[in-house]
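Q: Please take a close look at a single part of this structure and describe how that part sits among its surroundings.

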Amino acid sequence: MTLTIEDVERLQQKLQEEQQDYQIELQEGNILLMGPSDIESSEIGAQLIYLLKLWINPRKLGRIFDSSGGFIMPNTDLRAPDVSFVAAERLKRTVRDFAQLVPDLVVEIKSKTDRISKLEQKVTLFLDLGARVGILINPDELTVSVYRPNGDVKVLTNEDKLTINELFPGWEIAISELWPPVFE
């Protein structure tokens with residue numbers, strides 16, 4: 001049985017009525033249910049969103065979304081990256097619905113139960129459908145892999161800086177800024 005966006009919306013409504021907190025995606029007609037992620041992954045995502053917004057908002061470059069933002073893909077999948085960006089000229093106004101476009105930037109952050117191969121597939125799918133840059137953050141290895149549509153993958157470590165010149169000219173952050181601080 002192939003499910004649709006309308007089926008996802010009905011399931012979301014039912015889960016909300018039962019006060020269940022799940023993120024739902026639709027992939028090739030199949031529902032994917034995801035529970036909350038670990039707090040380290042969540043903190044990394046919040047930090048990346050913060051660092052991006054500091055650059056993007058004053059320049060009015062576009063919009064940043066967290067893991068709750070759903071995008072209807074050209075292949076009819078409903079996907080929600082952990083962090084995503086859509087350029088201002090492509091989304092002049094937000095909608096009270098899922099966005100029917102592919103984000104320009106998609107970021108996946110490995111949580112403790114994720115498999116890297118599945119996250120790589122998800123990032124690659126976004127790129128195949130039109131994303132301009134994909135990023136996979138792996139807190140277990142302290143690496144950030146940057147994917148581009150031409151197949152290039154660059155793996156960054158703590159000594160490196162992340163730049164995304166095609167979307168955010170002049171922006172850069174040290175990879176070490178992404179990892180949660182240790183308070184002693």
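This is a predicted model: local features need pLDDT of at least 70, side-chain atom pairs count only at pLDDT 80 or more; totals for chains, interfaces and linings use all residues.

A: Local features need pLDDT of at least 70 and side-chain atom pairs pLDDT 80 or more, while totals for chains, interfaces and linings use all residues. Residues are numbered from 1 along each chain as its sequence is written, and side-chain values use heavy atoms, without hydrogens and water.

β8 and β9 run antiparallel and are joined by 5 bridges (strands, E, at least two residues, and helices, H or I, at least four, are DSSP runs numbered from the N terminus; two strands pair if DSSP finds at least two bridges between them). Their hairpin has 4 residues between the strands, and Leu 142 there takes a positive phi near 55 degrees.

β7 runs parallel to β8, also with 5 bridges, and Leu 105 stands opposite Val 133 in β8.

Because 6 of its 6 residues are buried, β8 is largely enclosed by the rest of the structure (buried means under 20% relative accessible area, exposed over 50%, partly exposed in between, with a 1.4 Å probe and protein chains only).

Beyond four places in sequence, the contacts of Ile 137 include Ile 44, Leu 48, Val 107, Leu 178 and Trp 179 (contact means heavy atoms within 4.5 Å).
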